[in-house]
Amino acid sequence: MAELKTKTTGASVSAFINAIPEDDRRRDCKALVAIMQKATKSKPKMWGPSIVGFGDYAYVNSTKKPQAWFQCGFSPRKAALTLYLMGGYPKEGPVAERLGKFSAGGSCLYLKSLDDVHLPTLKTMLAQSLKRLKAHGGDASR
């Protein structure tokens, strides 16, 4: 297996977010930084050129080698805000219904805007994801 291209960089998270041209998307990203930083008790780091990640998570990849990753993160993609919740989240059922408008795939939650979702439910989903991650060996307290 090839080495992952997406790694932490020394780039400034603030500069990345402040360079987002759309006011609403920039506002949403600043809110996500606050939400995820509070949940993980970790400062944000840039992962590659466009992902903001929080916390440290080590897992064993398919070649049985340890791989560094983040506990949760987001990227302001053109089509949607992509949230990465490495501990997973409910894609259907009452919690997902309370969340609001979103789509999902793998460990990714896609939101057009934070205005489309119920923030307390999003915060609950994030906390539950981090709890599951910690239960499966990822340290969600770093």
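How many bridges join S1 to strand S2? I looked this up to begin with and found 4 bridges between S1 and strand S2 (residues 51–54), the two running antiparallel.

**Ground rules.** I noted that this is a predicted model, in which local features need pLDDT of at least 70 and side-chain atom pairs count only at pLDDT 80 or more, while totals for chains, interfaces and linings use all residues. Residues are numbered from 1 along each chain as its sequence is written, and side-chain values use heavy atoms, with hydrogens and water left out. For the element names I kept to DSSP runs numbered from the N terminus, with helices (H or I) of at least four residues and strands (E) of at least two.

**The sheet.** I traced 6 strands forming an open sheet in the order S1-S2-S5-S6-S8-S7, with antiparallel pairing; two strands pair if DSSP finds at least two bridges between them. Strand S1 (44–47) and strand S7 (103–105) stand at the edges with a single partner strand each, so one side of each has no neighbour in the sheet. Neighbouring strands of this sheet are turned by 25° against each other on average, direction ignored.

**Helices.** I then followed H2, which lies across S1, S2, S5 and S6 and runs at about 175° to S5; axes here are lines fitted to C-alpha atoms, for helices over the stretch in contact, and angles run from 0 to 180 degrees between N-to-C directions. The buried residues of H4, among them Leu 122, Met 125 and Leu 130, pack against helix H2 (23–40), strand S3 (57–60), strand S5 (72–76), strand S6 (81–85), helix H3 (94–99) and strand S8 (108–111). Contact means heavy atoms within 4.5 Å, and buried means under 20% relative accessible area, exposed over 50%, partly exposed in between (1.4 Å probe, protein chains only).

**Salt bridges.** I took a salt bridge as a side-chain nitrogen of Lys or Arg within 4 Å of a carboxyl oxygen of Asp or Glu, and the count comes to 5. Arg 27, partly exposed at 39% relative accessibility, forms one with Asp 28, the closest N and O atoms being 3.1 Å apart; Asp 28 is buried at 3%. The side chain of Arg 27 also meets that of Asp 115 in a salt bridge (3.3 Å, N to O). This second pair links distant parts of the chain, 88 residues apart, with Arg 27 in helix H2 and Asp 115 in the loop between S8 and H4. Asp 115 is exposed, at 60%.

I also found Asp 56 and Lys 45 joined by a salt bridge (3.2 Å, N to O). Asp 56 lies in the loop between S2 and S3 and Lys 45 in strand S1, so the pair ties together parts 11 residues apart in sequence.

**Cysteines.** With a disulfide taken as a pair of cysteine sulfur atoms within 2.5 Å, I counted 0 disulfides. The sulfur of Cys 72 is 12 Å from the closest cysteine sulfur, in Cys 108, too far for a bond. Cys 72 is buried at 0% relative accessibility, and Cys 108 is buried at 14%.
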